[in-house]
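Biologist: I'm new to this one. Can you put it up and walk me through it?

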Amino acid sequence: MSKANEQITTITPRKKFFELNFIETLRYKDLIGLFVKNSFKTRYKQMLLGPLWAVIQPLLTTIVFTVVFGNIAGLPTDGAPKFMFYMCGNVLWTYFSSTLTGASNSFTSNAYLYSKVYFPRLVAPLATVLGNMINAGIQVIIFFGFLLFYIIRGDITPDYALLWLAPLLVIQTTLLASGIGLLLASVTVKYRDLTMLISFGVQLWLYATPIAYASSLVKEKLPGFFTLYMLNPMASIVEAMRKIFLGTGGISIKFLLISLAVSIAFFLLGVAAFNRAEKTFTDKI
């Protein structure tokens, strides 16, 4: 081979505190696809129902929430059908929590590859996000099926004028979940015992978010606490989604903008921490 045709790739450590090289990452699109495919296979490997669990799990969770919180506890749903109220929140929360948890495990779960071959380290968390989007897409299709049924019955009237906002809220949720996940990933490389606290923390966050109840209940019972409660970035996102698809509740522009700012801040901080940690993480795993 002539010297003119030789291609030389030089791998050097990152020098910038924040560097998000999407062009380099996208060059590994085949590897990203392989990660997504492998993750999907591994998740449902040796399961009798396989990918059907992507549908069964949110349905079972919604049924449990409907019985426990809607019927037994009698928590208000702002006039929306109980089943759809809880399903709307659960589909969004499942995507958020799985993305956050998957991104936070991106270092430790791929340590065997990181120490043997080079590829942009953001490939792994990006593949996690895409894989969770596939699962969420399946669940959204089921949600729309039930939504259409209730619309035909006249029990739900979506706010059609706000439908354009839904994809933006999904992007915002992705930024928030992946940002926090990357930040946790950079910490858990050194302190492995923190991984035990992540699932517990996500579970606590669930009950601090209007998934099992409407935010109007907090406003009614704890009016002095409501402003602090709505600073939870997921609270305004969930309420906005219910307003869009179920026509209940309301959208607070102020809290949505605060949530957006927090989501972007966590994403930038998470990427910066991830870039910093990847320089030395092979010495720690």
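Modeller: One term to start: buried means under 20% relative accessible area, exposed means over 50%, and partly exposed is in between (1.4 Å probe, protein chains only). W53 is partly exposed, because its relative accessible area is 33%. This is a predicted model: local features need pLDDT of at least 70, side-chain atom pairs count only at pLDDT 80 or more, and totals for chains, interfaces and linings use all residues. Residues are numbered from 1 along each chain as its sequence is written, and side-chain values use heavy atoms, with hydrogens and water left out.

Biologist: Where is W53 found?

Modeller: W53 sits in helix α3, residues 53–72. Helices here are DSSP runs of H or I, at least four residues; strands are runs of E, at least two; numbering starts at the N terminus.

Biologist: How many helices and strands does the protein have?

Modeller: The protein has 13 helices and zero strands. Buried residues are 43% of its 285 residues.

Biologist: Salt bridges, then. How many does a search of the whole structure find?

Modeller: Three. A salt bridge puts a side-chain nitrogen of Lys or Arg within 4 Å of a carboxyl oxygen of Asp or Glu.

Biologist: Why would such side chains pair?

Modeller: Opposite charges can pair when their charged atoms come close.

Biologist: Which residue does K243 meet in a salt bridge?

Modeller: D159, at 3.9 Å, N to O. That pair links distant parts of the chain, 84 residues apart: K243 is in helix α12 (residues 233–246), and D159 is in the loop between α7 (123–153) and α8 (165–188). K243 counts as partly exposed, because its relative accessibility is 21%. D159 is partly exposed too, at 22%.

Biologist: And R242 with E239: buried or exposed?

Modeller: Both are buried. Their side chains meet in a salt bridge at 3.7 Å, N to O. Both lie in helix α12, three residues apart, about one turn of the helix.

Biologist: What about the third pair?

Modeller: D155 and R153, at 3.1 Å, N to O. R153 counts as exposed, because its relative accessibility is 52%.
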